[in-house]
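Morning, everyone. I have one structure for you today, and a few minutes to walk through it. Please have a look at the screen.

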Amino acid sequence: MGNEAQPQDETASVDFQEVQQTERFKTLRKRHRSFVFPMAVVFLLWYFAYVLLADYAVGFMSIKVWGNINVGLILGLLQFVTTFGITAWYVSYSNRKLDPIAAEIRNEIEGHEFDKDGNVISGGVK
């Protein structure tokens, strides 16, 4: 019943440490880190600045801008705007700079070509 022979996964024999040592993988990792780490630092600084302002600059944060809209509310909503903005920027960056290299590495490892949705287009032999 559950003892049928399973086809061997093609990636089971891949030496992933060897793949990590290739120049393409190092380039991919460098490009990813050069975007993610600085952006994380910038966003965390922006977030903590907002929290500190909310805690220690109550007078500034409660300045009325228009009707019942104050500086604190505007800065709070900008937290959401920047989150969505960073996400959109990362998706664009990834599509242009990361995905082509990742697809090359994946094709080399798996021996297949994939479309934009990850479906196999054609099989290849290593």
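Leaving aside its neighbours within four places in sequence, which residues is Ser94 in contact with? Asp99 and Pro100. Contact here means heavy atoms within 4.5 Å.

Quick ground rules. This is a predicted model, where local features need pLDDT of at least 70, side-chain atom pairs count only at pLDDT 80 or more, and totals for chains, interfaces and linings use all residues. Residues are numbered from 1 along each chain as its sequence is written, and side-chain values use heavy atoms, with hydrogens and water left out.

Back to Ser94. Ser94 sits in helix α4. Helices are DSSP runs of H or I, at least four residues, numbered from the N terminus. Ser94 counts as buried because its relative accessible area is 10%. Buried means under 20% relative accessible area, exposed over 50%, partly exposed in between, with a 1.4 Å probe and protein chains only.

Now helix α2. It covers residues 23–56, 34 residues in total. From first C-alpha to last it reaches 49 Å, close to the 50 Å expected at 1.5 Å a residue. That expected span is 1.5 Å times one less than the number of residues. Its buried residues are Leu28, Phe35 and Met39. They pack against α4, residues 71–110.

Next, the aromatics. How many aromatic pairs does a search of the whole structure find? It finds 4. Phe35 and Trp89 form one that is edge-to-face, 5.3 Å centre to centre, with 85 degrees between the planes. Phe35 lies in α2 and Trp89 in α4, so this pair ties together parts 54 residues apart in sequence. Phe35 and Tyr93 are stacked, because their ring centres are 4.8 Å apart and their planes are at 20 degrees. That pair also links α2 to α4, across 58 residues. The cut-offs: rings of Phe, Tyr and Trp (its six-membered ring) pair if their centres lie within 6.5 Å; planes under 30 degrees apart are stacked, over 60 edge-to-face, the rest tilted.

Buried or partly exposed? Phe35 is buried, at 9% relative accessibility. Tyr93 is buried too. Trp89 is partly exposed, at 46%. Ring pairs link Phe35, Trp89, Tyr90 and Tyr93 into a cluster.

Conventions
Helices (H or I, at least four residues) and strands (E, at least two) are DSSP runs, numbered from the N terminus.
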